[in-house]
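Please prepare a briefing on the structure shown below, with the cut-offs behind each term spelled out and the points grouped by topic.

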Amino acid sequence: MSFELQFLGGAGTVTGSKYLITFKGKKLLVDCGLFQGVKSLRLKNWDDLPVKASEIDAVILTHAHIDHSGYIPRLINKGFRGKVYCTHATKDLCKILLPDAGYLQEEEAEYLNKNKKTKHKPALPLFTYKDAVNSLEYFVGADFEEVQKIDNTLSFKFKYAGHILGAASVIVNVSGRTIGFSGDLGRQNDRILYAPEKMENVNYLVTESTYGNRKHRETDVLDDLAEAVNQTYKKNGVMVIPAFAVGRAQSLMYYLWLLRQQNRIPHMPMYLNSPMATNVNDLLLKYKDLHKLSSAECFEICNLVKYVRTSEESIKINERHGPMLIISASGMLGGGRVLHHVKAFGPDPKNTILLTGFQAAGTRGEALESGAKEVKIHGEYVPILADVKILDNVSAHADYQEIITWLSLSKIHPQRVFITHGESSAADDLRRRLNETFGWECYVPEYAEKVVLE
């Protein structure tokens, strides 16, 4: 008996992950993320899905990042009333991320309306803070490796994937046939998180390809970070570090703590200006079995920085002079308080903007990575004279070689493999590599494409 898989996101792009499984009238959505990046993608967030939200029986989240979870409040507003399954850590992270995402959308809409920088009258948020808080009622936490039954024909379980706290790969059982979803895979030798658990043998596999055409540099991240910090300090400059509030901010704080312990960087004011990241730090202690750090290390790392809690405090930082260091979300400069820091410090050549993660096409981060000398923020073009540096060996995503290593260790033999969650060139490159390495039938699906699996 066959079932259907439809790619409602994460196809041809690294954002908006949504994979719909349909079997005997039941509909299961794996991931429910927001599109980010270029405007044509962001506009998809406003479109109705090809399936009615009220017809979806359940959602399974691989992890909490907004490109995998951020559409849930919108889905509920559209009529979804099923359960949202995720690991316990993912549930706790979503309690932080989703309300913050709603708040930021309301804040941006208010700013655009107040300053008349919108073509819409009025500009509206995709969902509100209240919508996000209400959506949390639908979340159900589950343990890794614990089989969850949707009904007599559909079940699934989570497997540890690294990447961030609570991140999981998912194995869905459809009446005896299995389909594995890699989710976002972590690194094989991460300093904080463990390597991803091996994938069990599955009939079909859906794998990410964020770095499907790239290998991470093998230089020591501590050397690169120390050099960037010291150069900025010598110029009495300000270092602005856009960082994903979940995962990347904590990793950077850990690296900075190590450098301080080794006396490789000077003492200077360091700020964490992200309410989200501040709250996430508490979860490092709660879920210490999911990472390598001790309780004592977590405590010291979290006390390395000064926490910026209010917007008034954030504004005051922009009036300060260097040397100082600011970690703030979002990592791709898609929104949040970091935009105000870039506006304040980006035009000064003695300052540094340090990019620390994947920059999706169409984002401000990608523009800076490509050498742009100005970026548009809040309707105005801001000149960028600051030194833009790229710390490209701190990614929480496996590169193509690490994906191949994970699959080799897993010793699986899928009938068919679908390459998703990557820009077109990255996905196609990983398709070629997997075919050449394993001889598998690999395919890169397009947005909204349906495939029938026997």
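**Surface patch, pocket, cavities and salt bridges**

On the surface, Leu43, Trp46 and Leu124 make up a nonpolar patch whose accessible area is about 310 Å² together. Patches consist of residues with over 30% relative accessible area and no salt bridge, where like charges are joined within 9 Å and nonpolar side chains (Val, Leu, Ile, Met, Phe, Trp, Tyr) within 5 Å, and accessible areas come from the Shrake-Rupley method with a 1.4 Å probe, with only the protein chains shown counting as cover for residues.

This is a predicted model, in which local features need pLDDT of at least 70 and side-chain atom pairs count only at pLDDT 80 or more, while totals for chains, interfaces and linings use all residues. Residues are numbered from 1 along each chain as its sequence is written, and side-chain values use heavy atoms, with hydrogens and water left out.

**Patch residue**

- Tryptophan 46 sits in the loop between α1 (39–42) and β4 (58–60); helices (H or I, at least four residues) and strands (E, at least two) are DSSP runs numbered from the N terminus.
- Tryptophan 46 counts as partly exposed because its relative accessibility is 39%, given that buried means under 20% relative accessible area, exposed over 50% and partly exposed in between (1.4 Å probe, protein chains only).

**Second largest pocket**

- The second largest pocket has a volume of about 580 Å³; on a 1 Å grid over the protein atoms alone, a pocket is an open set of points with protein on both sides within 12 Å along at least five of seven lines, whereas a cavity is a set of points where a 1.4 Å probe fits but cannot get out, and lining residues have an atom within 4 Å of a point.
- Grid points are joined across faces, edges and corners, and a volume is the space filled by probe spheres set on the points.
- The lining of this pocket comprises 32 residues, and Arg187, Asn189, Asp190, Tyr255 and Ser395 are the ones nearest its centre.
- Helices α7 (248–261), α8 (275–286) and α13 (400–410) each supply at least two lining residues, and α7 has the largest share, with four residues.
- By class, the pocket lining has eleven nonpolar, eleven polar and ten charged residues, where Ala, Val, Leu, Ile, Met, Phe, Trp, Tyr, Cys and Pro count as nonpolar, Asp, Glu, Lys and Arg as charged, and the others, Gly among them, as polar.

**Cavities**

- There are two cavities of 30 Å³ or more, and the largest cavity holds about 80 Å³ of space.
- The largest cavity is lined by 15 residues, with Tyr19, Ser182, Gly183, Glu208 and Thr420 nearest its centre, and strand β11 (residues 204–208) gives the most to this lining, with three residues.
- The lining of the largest cavity has four nonpolar, eight polar and three charged residues.
- The second largest cavity has a volume of about 40 Å³ and is lined by Lys18, Phe35, Lys44, Asp47, Asp48, Leu49 and Tyr447, a set that divides into three nonpolar, no polar and four charged residues.

**Salt bridges**

- The whole structure contains 19 salt bridges, a salt bridge being a side-chain nitrogen of Lys or Arg within 4 Å of a carboxyl oxygen of Asp or Glu.
- Lysine 286 and aspartate 92 form a salt bridge in which the closest N and O atoms are 2.7 Å apart; this pair links distant parts of the chain, with lysine 286 in helix α8 and aspartate 92 in helix α4 (residues 88–114), 194 residues apart.
- Of these two partners, lysine 286 is exposed at a relative accessible area of 52%, whereas aspartate 92 is buried at 11%.
- Aspartate 429 and arginine 432 meet in a salt bridge (2.8 Å, N to O), and both lie in helix α14 (residues 424–438), three residues apart, about one turn of the helix.

**Backbone geometry**

- Most residues other than glycine have a negative phi, and most peptide bonds are trans.
- Glutamate 145, in the loop between β6 (139–142) and β7 (148–149), has a positive phi of about 70° although it is not a glycine.
- A cis peptide bond joins glycine 322 and proline 323, with omega about 0°, and another cis peptide bond joins alanine 329 and serine 330, with omega about 15°.
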